[in-house]
Structure formats: structure tokens, C-alpha cells
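Please look at the sequence and the model together before reading on. The report below is meant to be read slowly, with the structure open beside it.

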Amino acid sequence: MSIVPHLIHFGGIVGYPRDRLLRALNTDRPATGWDFLRKKYAKHFGFGLEVRGALPPCGDVCDMASCAREALQLARGRYGAMLADADVHVRAGALPPAGDLIAGYPVDLADGREYSKPVLIDIIHDAAARSYRIGAVAYDHIIDGAPLALLVQLMHNHIVLRDDSLLARAGRSRETADRPPVPVRRGVLARERWERALAPSEESLFPVGGYLDVTDSAVVALRSRIAREIGAAVPVSSVELALAAFETGLNWASDCVAQLAPGGIHDGYRGLGFVRTSGYAQAAGLPHRAQYDWLRGVLAWASAETDRERARRGSSSLLYERYRRIPAFWVDLFDRRIAYDDVMAVAGTQLLGSNLNGVDYGVPVHVGGIPAGALRYFFIPSHSEHHRETRRARAARNLETHVTEVSLSSAPFVTMGDGRRVMYKSTKASPATARRILAGWGRDDDARRDGPAAVEALFRELYRPDRPSEGRIEQRARLLFAV
């Protein structure tokens, strides 16, 4: 066991009086462990929805842009610091075919955008096809996945319903609107920063995703069996993350958990918690029965830890709250010098998973005659990453520079008119990581692919969007279900 978490706990306890004093003098200091993490490590992600063939008349591009910007201002007035300011860009055009993969971030860095805004929102409107797509990207995790999804759904509801929308009929909230925002980025955003963040490179983590038919998912069946055997609720995301770790050979995993007030996101969003697990690399070599028993034990612990993290009482919440109190000099010293295993003993994000299923946003989206199956969501994974200066310092010492190697995400599922369930899943990885994993699977041709093509090959192998039951994660679930 690494000594670093023990040092963090000790430093956080010793630093409590100093932290109280600095908090009293400077209200801009991060107030929670999660606020500290997203300022220090968390990076970019996206969320969106699209309506195909069933969008009611919503005016022309200018009218839709005006309505979307009105929705943004109303939403920020209602939810305050939970949300963030955004630049909204609307254009006419055809949506890509529904079966196409989404590679990269779904925003256009067009001339004339306001790049100082920490969220970019793109709307593509195809009036003739009665279709549109709203895609949003957050810079440096200035807001989290749940608030960003809330913003997109509120915007969709307002564009369709206008004066009858949820926002038009709502007032300003008492609590969330008045809470001061937490600064989570350094310097002023500009076009160059957005281009550097979103442009694919050998260094950056590139996202690829697509829609999958999950009606007969073996992952869900395996989760249900284990839940019955251990007598506890088990998140599907925890099962899928474990199966992905077995397949990719990654050892440390963290599953994101939304921390909500008892009344849900409308009564207050408290950030993210993390359920951290490890040992997958060794367990993957066990006989299948032993592997299943090991997984069942891990998921029993993860189930209980998920409940604790939702209430901000989990082991990760405690660790990161104490990490927040340590002076920046010592945090930077650790980041730039400690070994990769020590980084993972703290972060556990070698494999990072998140999904937005189970979060009740309270926003009607099937409005204006939009039926089930005509509306779908997509969710671009986040990742944790050192600052550029730290990456350079670690590279000079021949230390691994990535905090996250592979990130997975699942958008809320939708039920189609014929009863099928469809879910958008996405993978984010660096090309080098993707090639290494593909080579380990014996996919030599794919392992020679350049840049984003290697990440696309990784996604196809994991999920097989053309035949989802043949994806590696689904196959591993079927193998373990059969023991």
C-alpha cells in the first residue's frame, strides 16, 4: 500500500486550522474536495441531445438562437452558480446519419464565437427533416455532467415550448442561485485554449462514441444476478467498469457518483464523488469461477460505498477533502515526482467511468408531440489530467504523464417506440494507450492506426456498435454469467 494517501490524510488533519483561516480570508478558495479536484485535475467533456424526424416548428436559425440564449439566461437565473455562462452557436444543416460514430467534441470553433465563455453550445437545425441537435462542451470541468445535462434539457424544453416552457413558468431558486461560483480555471479563456483542448493529438485523450441497442445486455443481466446474490443494489456502471478493466488490462478504476440534495438536482447539486476499486489486472488471470466470486465481493463493497459517496461520506470524499487542505507547494511537489502507482493510489482513475442514468432532472423532454425514440442523448467522457507544467516535469523524469488512461461514459438510455432500449456509450483514450490495448488483443492492424483512428478501433472492439452482443465487454459479461 502506498504511503501517499496516509501522508495526505495526515497533512489534511494538520492543515485544518490553516484552511479555516484562509477560507475566512479568501472566499474564492475551493470549499470542497471535489471543487479542488476539478480546479486542479478535471478536464473537458460534453453532453447533448438530438431529435430526429419529430421536431415541431421552432422558427428559423435566428429565432432558435434567440430562444436558446433566452433559455440560458433564464436557467442561470434559476440555478445560479450550479450552471455557467455559455456561447451559443446555431446553424442550419443536416445531422449526420444516426448510426455514425461521433468522433471528437461536437462543437464548431467558428469565427465570431465568444471564446471567453467556459461552455460552448452548438445547435444544428434541419427544418426540412424536422430534426436538430444540441451539443455542449465544458472547459476544464467548470460545471459537471449533471448540471450540463440539466442545462441542455432546459434549453430543449424552452426552444420547443417557448412561453409555456419550464423556465418561463419558474422563478429564481433561493439557494443555488445565491451560492458564489467556484473559480476552476486559471487565466482568461481564448480561442487558442479551446483549439488546444479540442484538437486531437498523440498526447490528448480523444473521444469516440455511438448508439448501441442494449435491450438484451448481458451486463444488465450480470448486474441483476449479482445484486440478488449479495442482497444489495449494484450500479450497472460499476459492473461495466469492472468488465472493461478485465478486458483492457487496467488495474485501477473509479466510478463517478453524483452527489445530490435529498430533493434531487433541483434542490441542489453537490458535485461528484468517486468509488475507487483496484486489483483487476491480477483478478483477470483467475479461473472464471474465481473471477466471478472476486467481482461479486468488489461490487458488494462498491454498492455500499456508492451510497456513502452520494452522501459525501465515502472514503474518496474524505481523502480529497483532506487533500484540498494541503498547501499547493506540496501538492505540486507530489504530482511532479511520485511514481505512477502512487498517483493511482490517490486518484484511482487509470480507468474512469461515469454515467448519467438515474439522475432525475425533472425536465419534460418529450414535449410538442416528440414521441419516444425520436429523442436521444449523447455524453462525451471526462478525464483527469495534470497541468501542462506538471506533465512536462513528469516527462523529464520519465514518469507517466496521464492521470486517466481510458475514460468511459454512458448517456441516459431511451426506450424506442418498439420497446427496444438504446444508449449512447463513449470511450476516450490517447492514441498511444489505444494502440497498446489493441496490440494486447492481437489486433495488429488496428494497433498500427494513427491518432483518432486507433481510439475509434478501440471503441469498436469494446462495444461493436454494429453487433453490440459481440463487443468485448458484453462477451466478458456473458462468460461470467455462465459460471
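## About the model

This is a predicted model, in which local features need pLDDT of at least 70, side-chain atom pairs count only at pLDDT 80 or more, and totals for chains, interfaces and linings use all residues. Residues are numbered from 1 along each chain as its sequence is written, and side-chain values use heavy atoms, with hydrogens and water left out.

## Two nonpolar cores

In soluble globular proteins, nonpolar side chains tend to be buried together. A nonpolar core here is a set of buried Ala, Val, Leu, Ile, Met, Phe, Trp, Tyr and Cys residues joined through side-chain atoms within 4.5 Å, where buried means under 20% relative accessible area, exposed over 50%, and partly exposed in between, with a 1.4 Å probe and protein chains only. The largest nonpolar core holds 91 residues, and those that touch the most other members are Val 119, Ile 121, Ile 123, Tyr 132, Met 155 and Ile 159. Helix 5, residues 145-161, gives the most to this core, with ten residues; helices (H or I, at least four residues) and strands (E, at least two) are DSSP runs, numbered from the N terminus. Apart from this core lies another, of 45 residues, which includes Val 234, Leu 241, Leu 299 and Phe 459.

Contact means heavy atoms within 4.5 Å. Leaving out residues up to four places away in sequence, Ile 123 touches, among others, Met 64, Val 88, Tyr 132, Met 155 and Ile 159.

## The cavity

Rolling a probe the size of a water molecule over the atoms shows where empty space is left. On a 1 Å grid over the protein atoms alone, a cavity is a set of points where a 1.4 Å probe fits but cannot get out, and its lining residues have an atom within 4 Å of a point. Grid points are joined across faces, edges and corners, and a volume is the space filled by probe spheres set on the points. The count comes to one cavity of 30 Å³ or more, and the largest cavity has a volume of about 60 Å³.

Which residues line the largest cavity? They are Ser 238, Leu 241, Asp 255, Val 275, Thr 277, Tyr 280, Val 298, Leu 299 and Ala 302. Helix 11 gives the largest share of this lining, three residues, while helix 9 (236-248), strand 8 (269-278) and helix 11 (288-310) are the elements that give two or more. In strand 8, seven of the ten residues are buried. Strand 8 pairs with strand 7 (residues 252-260) in the antiparallel sense over eight bridges, pairing being called if DSSP finds at least two bridges between two strands. Asp 255 stands opposite Val 275 in strand 8.

## Some single residues

Asp 140 lies in the loop between strand 5 (131-138) and helix 5, and has a positive phi of about 50° although it is not a glycine. His 141 is in the loop between strand 5 and helix 5, with a positive phi near 55°. Are these two residues buried or exposed? Asp 140 counts as buried because its relative accessible area is 8%, and His 141 counts as buried because its value is 4%.

Ala 457 lies in helix 18 (residues 451-463) and, at 8% relative accessibility, counts as buried. Not counting residues up to four places away in sequence, Ala 457 touches Leu 438, Asp 446 and Arg 449.

Key:
1 Å grid on protein atoms, 1.4 Å probe; cavity = no way out; pocket = protein on both sides within 12 Å on 5 of 7 lines; lining within 4 Å.
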